[in-house]
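Dear colleague,

Please find the structure below, together with a short account of what was found in it.

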Amino acid sequence: MFTMTKNVVRNLLTKSATRLYPFDVREPFEGYRGRLDNRIEECIFCKTCQVKCPSQCITVDAKAGTWDCDPFACVYCAICVDHCPVHCLFMDNTHRKPSAERETIHLQGTPKKKKAPVTKAAPATDASPAAEAAPAQDAAPASPAPEGEAAPAPDAPEAPADAEK
Ligand code: SF4
Ligand code: SF4
């Protein structure tokens, strides 16, 4: 009886161990994994999040520039957030609210334009210097050739002339 009275008095004088939710809401912890969102204007549609997601709830269409997620299939593991190369995926500290309807997150971005293919005009411009180099190579052997032929020509007649003397 004395022990029980002691506990009753102590509980009346101390603060409650629980909170009077929803009037007293606890602040979320740091690094809390809440609602998944995407800054779609920064997304490069690389599909890394779609490939890495263990519950396969993300669908990325690079051609259309869309990013879709089924929040009811998401297990809030944050693997997609950790692997996003441009860090446009993030989780805020709010809960996803209950819903009677199955909703998906659909975000429309701007698909990246493909680079124009390289035309064959570039090699054509390189041909002109090659064409200029070709005559230069032809001209080089042309000039020493007469010199090489001219040099032995005078020596040839001289050699037999000395031999006869
Ligand atoms: S990983 Fe990031 S950049 Fe790549 S498609 Fe997903 S949200 Fe976009
Ligand atoms: S948090 Fe996990 S389950 Fe949810 S979309 Fe990202 S990778 Fe998939």
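In what follows, strands (E, at least two residues) and helices (H or I, at least four residues) are DSSP runs numbered from the N terminus, and two strands pair if DSSP finds at least two bridges between them. This is a predicted model, in which local features need pLDDT of at least 70 and side-chain atom pairs count only at pLDDT 80 or more, while totals for chains, interfaces and linings use all residues. Residues are numbered from 1 along each chain as its sequence is written, with chains lettered from A and ligands numbered from 1 in the order in which they are written.

The chain contains 6 helices and 5 strands. Strand β2 (residues 58-61) and strand β3 (residues 66-69) are antiparallel, paired over 4 bridges; Thr59 has Asp68 in β3 as its bridge partner. The two strands form a hairpin with 4 residues between them, and Gly65 in the turn has a positive phi of about 70°.

In a regular strand the side chains alternate between the two faces of the sheet. Beyond its neighbours within four places in sequence, Val60 is in contact (C-beta atoms within 7 Å) with Phe45, Lys47, Cys49, Gln50 and Trp67.

Buried residues account for 9% of the 165 residues in the chain.

Yours sincerely

Technical notes:
Contact = placed C-beta atoms within 7 Å. Buried ≥ 20, exposed ≤ 12 C-beta atoms within 10 Å, placed from the backbone.
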